[in-house]
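Hi everyone, thanks for coming. Let's take a friendly walk through one structure together, starting from its inside.

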Amino acid sequence: MSLILSASVVRVRDGLPLSASTDYEQSVGVQECRKYFKTLAKKLAQLPDRCTLKAGRYNINFISSLGVSYMMLCTENYPSVLSFCFLDELQKEFITTYNMMKTNTAVRPYCFIEFDNFIQRTKQRYNNPRSLSTKINLAEMQTEIRLRPPYQISLSELGSPNGLPHISLKEYKGTGKISAAPHQRLEPVTLSGIVSFVLSLLCGALNLIRGFHATESLLQNEGEDFSYVIAFFLGTAACLYQCYLFVYCTGWRNIKSFLTFGLICLCNMYLYELRNLWQIFFHVTVGAFSTLQIRLRQPQGKSPDYNV
């Protein structure tokens with residue numbers, strides 16, 4: 001008999017379980033699959049956003065979106081299209097019910113356990129396919145799965161002691177090849193990080209405006225120094241690049257941020273004749289603050305061993 005046996009909602013960055021269905025099935029196979037749930041939860045940040053793991057007579061399917069993953073266990077003969085329709089419905093309801101701030105700041109496991117009520121109701125509907133004909137669009141999901149099928153995780157990959165190295169060598173349709181070093185997610189943005197990002201944009205905008213004014217003055221007066229124009233635009237580029245480094249994880253990120261801060265300092269030293277001491281202090285302080293926030297917002301480390 002084809003059935004959905006259980007489902008859970010997990011935070012991607014650290015594998016923290018946010019909610020789960022009440023499981024009544026206690027067979028040896030299901031108990032073994034729960035171990036796979038735990039292992040997968042710790043590796044979600046390294047995996048594509050739609051995956052399937054075949055574990056004997058059972059399948060584990062999951063999707064990830066906005067830092068949250070929706071996982072389900074079903075029998076091997078349960079239709080794949082219904083599995084991902086089920087997960088998609090869980091995702092839409094969870095996003096509607098809870099905002100990202102709550103999920104990002106949750107500290108204890110199963111803090112949204114009340115979502116189990118919706119999981120159970122939805123699971124009962126999907127275990128009775130006759131009740132689904134007018135409630136979900138199977139054709140749309142079938143088309144999406146055909147165009148971008150889920151990545152198939154093998155048990156050998158899951159059991160590798162060093163994570164999932166083999167994943168990088170296989171093709172994931174819809175996203176091309178997964179690189180040997182998967183794109184790492186950065187830690188969640190803090191209030192101080194948002195402030196530094198906004199201030200960097202402000203400094204970049206101020207430099208850009210002054211650069212245009214210096215260009216206009218240069219065109220009207222041939223005696224003006226063109227190097228001031230270059231200094232203003234370099235300052236603009238440095239501020240915007242700091243914003244980029246804060247948002248994205250790149251190679252040599254910390255070194256790049258320090259070099260960019262050095263460029264900001266040099267530009268402001270060169271512009272000392274056009275700016276007063278407080279203006280220079282403001283630009284340099286914002287640059288230092290942004291560099292610090294880039295340094296503090298590091299890639300997410302290894303997930304803690306939560307009992308999923």
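The largest nonpolar core here has 29 residues, and those with the most contacts inside it are Val9, Leu18, Tyr70, Phe86, Leu90, Phe94 and Phe115. By nonpolar core I mean a set of buried Ala, Val, Leu, Ile, Met, Phe, Trp, Tyr and Cys residues joined through side-chain atoms within 4.5 Å. Buried means under 20% relative accessible area, exposed is over 50%, and partly exposed is in between (1.4 Å probe, protein chains only). At least two residues of this core come from each of strand E1 (4-11), strand E5 (68-75), helix H2 (80-97), helix H4 (116-126) and helix H5 (138-147). Helices (H or I, at least four residues) and strands (E, at least two) are DSSP runs, numbered from the N terminus. H2 gives the largest share, 8 residues. Apart from this core lies another, of 21 residues, including Cys33 and Leu53.

A quick word on the source: this is a predicted model, where local features need pLDDT of at least 70, side-chain atom pairs count only at pLDDT 80 or more, and totals for chains, interfaces and linings use all residues. Residues are numbered from 1 along each chain as its sequence is written, and side-chain values use heavy atoms, leaving out hydrogens and water.

Now find Ser257 in helix H9 (residues 253-270). Is Ser257 buried or exposed? Its relative accessibility is 1%, so Ser257 counts as buried. Beyond neighbours within four places in sequence, Ser257 is in contact (heavy atoms within 4.5 Å) with Gln242, Leu245, Thr291 and Ile294.

Finally, look at Ile280 in helix H10 (residues 277-296). Ile280 counts as buried because its relative accessibility is 17%.
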